[in-house]
Amino acid sequence: MALNDAATLVIGSGNYLTAPVGTEMPSDLLTPLSPWEAVGHTSLEEIFSITSEGGEATTIGSLQNKSLRTKYSARTETMSLTLQQFDVPALKLYYGSNATVLPDGTVGVPTDPIPTSCAFLAVFVDGENHFAFYAPKAEVYRSDDLSFGDTESLAGLPLGVKPMPYGANNWSYAITPLGGAAATGATAGTPGAFTPAGSTAPFDIADLDTVTASPSTAWSTGQYVVLGDGSHAFWDGDSFEAGEAL
């Protein structure tokens, strides 16, 4: 993998937003428009974390080879942040979407809470760079018990966000890579180039499924493009194949 200074990240600021389930990721991550709404003030110290459960490896063998294959169990992940507002929307995220606002304005904590279902977006800004996590469907609920530790810092509501597959997606959340926009085209050459100019090359041949070849006919002998992992690929007129055109 090549060194890419533009792909490093130092978080300067950030924001967390929710929208109705299925809302697409905004085209402008720095100024997302309605229906995206910020969740409010969040912790400066405990910015963001992801924990996971599952993914245990099981070795499957045969009589001839006792370590023939490895099978992994499903993995679920939880994104964590600390919300530092105690208004009604924040309390409903923490205590459950079915928390009731009582006649006197207080919020009743439900005995059988229901997580908030929504689309979720976390955006982190580093100068001119920005980096985001996007889940078209997620469940938001408390991730830890409430605790007020001192009188010197802002109190917080620890939230957990569980991304979930949406519709026919085979993924639960997406991450925006740093170092340039993803390439959408590949032009034949020795080597060829990815377009638009300055875009990030697909890492391996499996990532070429969204890239359009130019020309669309089979590339000439010896032509290829260089992928992010250093390997070569070429267009045979029907699909991208490993190596150089024959």
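Mentor: By class, the lining of the second largest pocket has five nonpolar, seven polar and five charged residues. Here Ala, Val, Leu, Ile, Met, Phe, Trp, Tyr, Cys and Pro count as nonpolar, Asp, Glu, Lys and Arg as charged, and the others, Gly among them, as polar. The model is predicted: local features need pLDDT of at least 70 and side-chain atom pairs pLDDT 80 or more, while totals for chains, interfaces and linings use all residues. Residues are numbered from 1 along each chain as its sequence is written, and side-chain values use heavy atoms, with hydrogens and water left out.

This pocket holds about 410 Å³ of space. Of its 17 lining residues, Glu46, Thr82, Ser147, Leu154 and Gly156 lie nearest the centre. On a 1 Å grid over the protein atoms alone, a pocket is an open set of points with protein on both sides within 12 Å along at least five of seven lines, a cavity is a set where a 1.4 Å probe fits but cannot get out, and lining residues have an atom within 4 Å of a point. Points are joined across faces, edges and corners, and the volume is the space filled by probe spheres set on them.

There is one cavity of 30 Å³ or more. The largest cavity has a volume of about 40 Å³ and is lined by Thr18, Val39, Leu81, Leu93, Phe120, Val140, Leu159 and Val161. Seven of these lining residues are nonpolar, one is polar and none is charged.

Phe120, one of the residues that line the cavity, also belongs to an aromatic cluster with Tyr16, Phe48, Phe124, Phe131, Phe133 and Tyr173. In total the structure holds 13 aromatic pairs. Rings of Phe, Tyr and Trp (its six-membered ring) pair if their centres lie within 6.5 Å; planes under 30 degrees apart are stacked, over 60 edge-to-face, and the rest tilted. The ring centres of Tyr16 and Phe124 are 5.9 Å apart and their planes stand at 80°, so this pair is edge-to-face. Tyr16 lies in strand β1 (residues 13-19) and Phe124 in strand β9 (residues 116-126), so the pair ties together parts that are 108 residues apart in sequence. Strands (E, at least two residues) are DSSP runs, numbered from the N terminus. Tyr16 counts as buried at 3% relative accessibility, and Phe124 is buried at 3% too; buried means under 20% relative accessible area with a 1.4 Å probe, protein chains only.

Two strands pair if DSSP finds at least two bridges between them. Strand β13 (residues 185-187) pairs with β15 in the parallel sense over three bridges, and Thr187 stands opposite Ser214 in β15. Between β14 and β15 runs a loop that contains Pro196, and a cis peptide bond with omega of about 0° joins Thr195 to Pro196.

Pro35 lies in the loop between β1 and β2 (37-38).

Conventions. Helix = DSSP H or I, 4+ residues; strand = E, 2+ residues; numbered from the N terminus. Buried < 20%, exposed > 50% of the residue type's maximum accessible area, 1.4 Å probe, protein only.
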